[in-house]
Amino acid sequence: MKLGTKLIHAGVAPDPSTGAIMTPIFQTSTYVQSAPGVHKGYEYARTQNPTRDALQNALAAIENGTHGINFGSGLAATDAVMKLLSPGDEVVATNDLYGGTYRIFTKVFERYGIKFSFIGMRDAANVAAHITPNTKMIWLETPTNPLLNIIDIAAVAQIARKNNILLCVDNTFASPYLQNPLDLGADIVLHSATKYLGGHSDVVHGAVIVKNEDLAKQLYFIQNSCGAVPGPQDCFLVLRGIKTLHVRMQRHCENGEKIAHFLRNHSKVDKVYWPGFTDHPNHDIAKRQMRGFGGMMSFTLKDDNMDAANRVLSHTHLFSLAESLGGVESLIGHPASMTHASIPREERIKNGLADSLIRLSVGIEDADDLIEDLNHAIG
């Protein structure tokens, strides 16, 4: 199946008991057994749920993996992946990443003896230079959040394989429509399914997809043992979102391109961070490993101060000032005080994340209306 067809059909089937074309919401906590240990494949809903199973199968299919494992949030998925490690292990992570990921790494897992190195990864050779005998995992986002840096997944995967290290790629910004890291050599793909997979700003959800049977068994064990599972209603909402991912992402990409060029040509805008520009660092890599450049971007103003940024942030109408991304509606945000506030200011500044940086999640409204909205707010 081609991708658009796969997103609608893969991993799901009409309900065998009724013929319902949509996966039912199995809102139950337990399942009746005819005798001890004799059941229909389901015992307790933390361990298994048919709605969740359908979503896990669908996610495995659309990321070209073999196993999907779902969680109650993207950070719950991150937590599960980190639990593959042991005290003394080291992780090499990109230095431009979601603030919640930085927080759980430094404030939670460092306390349990896991060491993290945060480095620039635009040049894959820099990753190799930071590997030690204790390095057990490489963690990257591409495009990164919020500076839209592009990392060469295949090149980093080659380094990981050479050193017998797991490579985990947070694919939230790209979604499976734009990029499939497992095909490029990654071992683990992670999503905040709250974002593009759900697509409607009405669910909080996380997902991990793998190809390796042993990794899958470990992650299923963690899912069941630690219990950060999603409810069936949430799984249903993500299943529904996946069915329109391709048409939504097409419009996100179209609108993103128009707005990125509008911003670049605006007299009051300084820098625009969007991987579709031909002069964007690693644009050629993005072109090679992605099917499009998405609707996420960030920018700064020539009047580079917080008062000017706040005027823009507070004067849009169609762009809603809110955390999150990937919904059908456009969002505007201030990473330094919102999504990345947990990263110390000196670290943010060192990595290029200015206090005045503005991030956009471009939705699927009419692009001309969005441009007019931004033009009015920028002045």
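In which helix is the place of Gln 289? In this predicted model, Gln 289 belongs to helix H11. Its relative accessible area is 9%, so the residue counts as buried.

Setting aside neighbours within four places in sequence, Gln 289 is in contact with Thr 142, Ile 150, Ile 151, Asp 152, Ile 153, Leu 178, Gln 179 and Leu 184. One of these residues, Asp 152, lies 137 residues away along the chain, yet the C-alpha atoms of Gln 289 and Asp 152 are separated by 7.9 Å.

## The salt bridge between Arg 288 and Asp 152

Asp 152 also takes part in a salt bridge with Arg 288, in which the closest N and O atoms are 3.0 Å apart. Arg 288 is located in helix H11 (residues 283-289), whereas Asp 152 is in the loop between strand S4 (135-141) and helix H6 (153-162); the pair therefore ties together parts that are 136 residues apart in sequence.

Arg 288 has a relative accessibility of 57% and is classed as exposed. Asp 152 has a relative accessible area of 14% and is buried.

## Further salt bridges

The count of salt bridges in the model is 9. Another of them joins Arg 264 to Asp 279, with 3.1 Å between the closest N and O atoms. This pair links distant parts of the chain, 15 residues apart: Arg 264 is in helix H10, and Asp 279 is in the loop between strand S8 (269-273) and H11. Arg 264 is partly exposed at 37% relative accessibility, while Asp 279 is exposed, its relative accessible area being 52%.

A salt bridge is also found between Glu 347 and Lys 350, whose closest N and O atoms are 3.2 Å apart. Both residues lie in helix H13 (residues 345-350), with a spacing of 3 residues, or about one turn of the helix. Glu 347 is partly exposed at a relative accessible area of 22%, and Lys 350 is exposed at 60% relative accessibility.

## The seven-stranded sheet

An open sheet is formed by 7 strands in the order S1-S7-S6-S5-S4-S2-S3, with mixed pairing. Strand S1 (67-71) and strand S3 (115-119) stand at the edges; each has a single partner strand, so one side of each is left without a neighbour in the sheet. From one strand to the next, the twist averages 20°.

Strand S7 pairs with S1 in the antiparallel sense over 5 bridges, and Gly 68 stands opposite Ile 209 in S7. Strand S6 (residues 188-192) and strand S7 (residues 206-210) likewise run antiparallel and are joined by 5 bridges.

Why is S7 described as largely enclosed by the rest of the structure? The reason is burial: 5 of the 5 residues of S7 are buried, so the strand is largely enclosed. Both of its faces are covered, with Gly 206, Val 208 and Val 210 buried on one side and Ala 207 and Ile 209 buried on the other.

Helix H2 lies across S1 and S7 and runs at about 125° to S1. Helix H8 (residues 213-226) also packs on the sheet, where it touches S1, strand S5 (166-170), S6 and S7; the direction of H8 makes about 20° with that of S1.

In helix H9 (residues 232-242), the buried residues include Pro 232, Cys 235, Leu 237, Val 238, Leu 239, Gly 241 and Ile 242. The buried residues of H9 pack against H1, H2 and helix H10 (245-264).

## Asp 15, a buried charge without a salt bridge

Asp 15 is placed in the loop between helix H1 (3-9) and helix H2 (50-62). This residue is buried but has no salt bridge; the nearest side chain of opposite charge belongs to Lys 40, 11 Å away.

The side chain of Asp 15 does make a polar contact of 2.5 Å with the side chain of Ser 17. Neighbours within four places in sequence being left aside, Asp 15 is in contact with Ala 20, Pro 24 and Phe 26.

How values were computed
Residues are numbered from 1 along each chain as its sequence is written. This is a predicted model: local features need pLDDT of at least 70, side-chain atom pairs count only at pLDDT 80 or more; totals for chains, interfaces and linings use all residues. Side-chain values use heavy atoms; hydrogens and water are left out. Helices (H or I, at least four residues) and strands (E, at least two) are DSSP runs, numbered from the N terminus. Buried means under 20% relative accessible area, exposed over 50%, partly exposed in between (1.4 Å probe, protein chains only). Lys and Arg count as positive and Asp and Glu as negative; His and the chain ends are not counted. A salt bridge is a side-chain nitrogen of Lys or Arg within 4 Å of a carboxyl oxygen of Asp or Glu. A polar contact is a pair of N or O atoms within 3.5 Å; within protein, one must be able to donate a hydrogen and the other to accept it, and residues adjacent in sequence count only if both atoms are side-chain atoms. Contact means heavy atoms within 4.5 Å. Two strands pair if DSSP finds at least two bridges between them. Axes are lines fitted to C-alpha atoms, for helices over the stretch in contact, and angles run from 0 to 180 degrees between N-to-C directions.
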